[in-house]
Amino acid sequence: QVQLVESGGGLVQPGGSLRLSCVASGFRFSRNTIGWYRQAPGKQRELVARITSGGNTNYADSVKDRFTISRDNTKNTVYLRMNSLKPEDTAVYFCNVDLGFVYWGQGTQVTVSS
């Protein structure tokens, strides 16, 4: 079955960095677009970044020049490198894949606070 497992979240001070990982299984990983989304308390889930099978990327304006999405097809893993973190980046971060049905991981908490 399709599985997406996120990891790498935690508590970090403003200006700090984290790298999130999303390990996928149960589908042809290399042929699919993978997205990172986030949801802050009381807010709707929003797209953070997306990477296609060909490696093309797009980002939310709020994270451009700070976050980098990448993929390693040999490890069925997508990464989200987050630099210059701000308190407003605090959220649960999810990865997803749309196979006709949209699958989500369980999420990983990122908290940016001093």
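How many disulfides does the structure hold? Before I answer, please keep in mind that what we are looking at is a predicted model. The structure holds one disulfide, formed by Cys-22 and Cys-95, whose sulfur atoms lie 2.1 Å apart. The link is right-handed, with 70° about the S-S bond, and both Cys-22 and Cys-95 are buried.

Let me turn to the core. The largest nonpolar core has 29 residues, and within it Trp-36, Leu-80, Met-82 and Tyr-93 touch the most other members. Several strands each supply at least two residues of this core, among them β3 and β9, and also β4 (34-39), β5 (46-51) and β11 (108-112).

Strand β1, residues 3-7, has a covered face with Leu-4 and Glu-6, while Gln-3, Val-5 and Ser-7 make up the uncovered one. Strand β1 pairs with β3 in the antiparallel sense over five bridges, and Leu-4 has Ala-24 of β3 as its bridge partner.

Now to the charged side chains. The structure holds four salt bridges, and I will go through some of them. Arg-38 and Glu-46 meet through their side chains at 2.7 Å, N to O; Arg-38 is buried, at a relative accessible area of 6%, whereas Glu-46 is partly exposed, at 37%. Arg-66 and Asp-89 likewise meet in a salt bridge, at 2.8 Å, N to O. Arg-66 lies in the loop between β6 (57-59) and β7, and Asp-89 in the loop between β8 and β9, so this pair ties together parts that are 23 residues apart in sequence. Arg-66 counts as buried, with 10% relative accessibility, and Asp-89 counts as buried too, with 1%. Through salt bridges that share partners, Arg-38, Glu-46, Arg-66 and Asp-89 are joined into one network.

Conventions: Residues are numbered from 1 along each chain as its sequence is written. This is a predicted model: local features need pLDDT of at least 70, side-chain atom pairs count only at pLDDT 80 or more; totals for chains, interfaces and linings use all residues. Side-chain values use heavy atoms; hydrogens and water are left out. A disulfide is a pair of cysteine sulfur atoms within 2.5 Å. Buried means under 20% relative accessible area, exposed over 50%, partly exposed in between (1.4 Å probe, protein chains only). A nonpolar core is a set of buried Ala, Val, Leu, Ile, Met, Phe, Trp, Tyr and Cys residues joined through side-chain atoms within 4.5 Å. Helices (H or I, at least four residues) and strands (E, at least two) are DSSP runs, numbered from the N terminus. Two strands pair if DSSP finds at least two bridges between them.
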